[in-house]
Amino acid sequence: MRSFINNYVHAFLDVFYPRICLHCRGNINYSREQYICGACRENIAFINENYCSRCGSISGPYSVSFDEKGCGFCRTQHFYHDSLTAIAHYDGAIKVLVHKYKYEKQRFLYKAVNDVLLANRKLNERIQEVDIIIPVPLYWRKKLQRGFNQSELIAREIHRVFSKPLSVNNLIRIKNTASQTRLSKTKRYANIQKAFFVKNPAIIKGKRVLLVDDVLTTGLTMQECAKKLKEGGVKSVHLLVLAIADYKS
Ligand SMILES: [Zn+2]
Ligand SMILES: [Zn+2]
């Protein structure tokens, strides 16, 4: 009976208040979809191909094979993190969703972002190997202006669904850094240096950390966080990002 009424209500709403897909502007069906239509959802560019679990590079026709030491691109590089799990490319419906969520302050969209994330097999596997979830922090003034920290909302949902401990005010951002993408490579390094601080290392000592962010672009922010966490005594740092953006340095 209830589902009958639900269907009826949805049919009524679809007629009088047609919802529009945030990506293609096509109509979406209330009863089955939220914010993104079925076709756009199917077209999300998930990172399902063979990818490097250390740096996130996709194996191309010329790249060498991957193992736990990394791929041809990252093998010789030093990282502070131990692994990287990325769900999708920052493109199409994911890009629209994250953009509206983050920059147009449409906080409610975090649910749609999380739906994409939580349904992913890779997160289900990675979460078994960590002890504590930590979001990449925002500078307090930025959080106040936006009204929320997008990475924290994602981390909170993972914490709720998988019942893993969450730590939100221990790794903090003590410097209001300008957007990394607009700076030269040298300036980016200088910019992010000393931007983070661990207040109470005892909470994270010896733990395996899942460090969560929404979009990975230069990777410097997460590297700096991972560095501070390692200095604070954590056992390992596993990065989880919803999307990887193409970045040309
Ligand atoms: Zn669509
Ligand atoms: Zn790699």
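This is a predicted model: local features need pLDDT of at least 70, side-chain atom pairs count only at pLDDT 80 or more; totals for chains, interfaces and linings use all residues.
The protein chain contains 9 helices and 8 strands. Of its 249 residues, 33% are buried. Where contacts link residues at least 6 apart in sequence, 70% of them join residues at least 24 apart.

**Helices α3 and α4**

Two packed helices are described by the angle between their axes and the distance between the axes. For α3 (residues 92-103) and α4 (residues 110-118), the axes come within 9 Å and cross at roughly 140 degrees. The crossing of α3 and α4 is left-handed. On the α3 side, the residues that meet α4 are Ile94, Leu97, Val98 and Tyr101. Their counterparts in α4 are Tyr110, Ala112, Val113 and Val116. By class, this contact comprises 8 nonpolar residues, with no polar and no charged ones.

| Helix | Extent | Residues in the contact |
|---|---|---|
| α3 | residues 92-103 | Ile94, Leu97, Val98, Tyr101 |
| α4 | residues 110-118 | Tyr110, Ala112, Val113, Val116 |

**Arginine 188**

Arginine 188 lies in helix α8, which spans residues 185-192. Arginine 188 counts as buried because 20 other C-beta atoms lie within 10 Å, and the cut-off for that class is 20 or more. Threonine 218 is 30 residues from arginine 188 along the chain, and the C-alpha atoms of the two are separated by 9.1 Å.

Methods:
Residues are numbered from 1 along each chain as its sequence is written. Chains are lettered from A and ligands numbered from 1 in the order in which they are written. Helices (H or I, at least four residues) and strands (E, at least two) are DSSP runs, numbered from the N terminus. A residue is buried if 20 or more other C-beta atoms lie within 10 Å of its own, exposed if 12 or fewer, and partly exposed in between; C-beta atoms are placed from the backbone. Two residues are in contact if their C-beta atoms, placed from the backbone, lie within 7 Å. Axes are lines fitted to C-alpha atoms, for helices over the stretch in contact, and angles run from 0 to 180 degrees between N-to-C directions. A crossing is left-handed if the near helix is turned anticlockwise from the far one by less than a right angle, and right-handed if clockwise. Ala, Val, Leu, Ile, Met, Phe, Trp, Tyr, Cys and Pro count as nonpolar, Asp, Glu, Lys and Arg as charged, and the others, Gly among them, as polar.
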